[in-house]
Amino acid sequence: MKLIPPDYAGGSIVNLAASLLQAFGIQAPNPPCRPELLAPELLAPAPGVVLLVCDALGQSQLARVLASGRNPNLERLVGQAPGGVRTL
């Protein structure tokens with residue numbers, strides 16, 4: 001398995017938090033996510049946001065967990081997310 005170091009210049013969890021802060025008018029200590037990862041307009045109309053951090057859980061791992069049927073709470077959360085679920 002190849003380890004990929006965090007991309008703190010716009011592609012990591014800290015940048016996701018910075019994007020959320022900026023969307024609500026709060027100055028963030030870190031740069032936001034690069035627009036190709038999270039378009040700022042996706043957050044602009046949101047009255048609120050839930051940030052569920054599953055560190056080291058990528059898109060393919062999330063898909064396997066959901067397909068297994070062993071985590072109904074996560075399935076329900078993902079299924080009800082109005083804007084969908086995104087991974088970085």
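This is a predicted model: local features need pLDDT of at least 70, side-chain atom pairs count only at pLDDT 80 or more; totals for chains, interfaces and linings use all residues.
1. Residues are numbered from 1 along each chain as its sequence is written, and side-chain values use heavy atoms, with hydrogens and water left out.

2. The protein chain contains 3 helices and 0 strands, and its elements run α-α-α from the N terminus on. Helices (H or I, at least four residues) and strands (E, at least two) are DSSP runs, numbered from the N terminus.

3. Of the 88 residues of the protein chain, 16% count as buried; buried means under 20% relative accessible area, exposed over 50%, and partly exposed in between (1.4 Å probe, protein chains only). Among contacts (heavy atoms within 4.5 Å) with a separation of 6 or more, 35% come from residues 24 or more positions apart.

4. Helix H1 spans residues 13-23, and Asn15, Leu16, Ala18, Ser19 and Leu20 are buried in it. Just after H1, Gly25 adopts a positive phi of about 75°.

5. The largest nonpolar core has 5 residues in all: Leu16, Leu20, Cys33, Leu38 and Leu43. Such a core is a set of buried Ala, Val, Leu, Ile, Met, Phe, Trp, Tyr and Cys residues joined through side-chain atoms within 4.5 Å. Apart from neighbours within four places in sequence, Leu20 is in contact with Leu43, Val49 and Leu51.

6. Val49 lies in the loop between H1 and H2. Because its relative accessibility is 36%, Val49 counts as partly exposed. Not counting residues up to four places away in sequence, Val49 touches Leu20, Phe24 and Leu43. The C-alpha atoms of Val49 and Leu20 are separated by 7.8 Å, although the two are 29 residues apart along the chain.

7. The axes of H2 (residues 59-68) and H3 (residues 72-80) come within 9 Å and cross at roughly 115°. Axes are lines fitted to C-alpha atoms, for helices over the stretch in contact, and angles run from 0 to 180 degrees between N-to-C directions. H2 and H3 are therefore roughly perpendicular to each other, a label for angles of 65 to 115 degrees. The contact is made by Leu62, Val65 and Leu66 of H2 with Leu74, Glu75 and Val78 of H3.

Technical notes
Angles under 35 degrees count as roughly parallel, over 145 as roughly antiparallel, 65 to 115 as roughly perpendicular and the rest as oblique.
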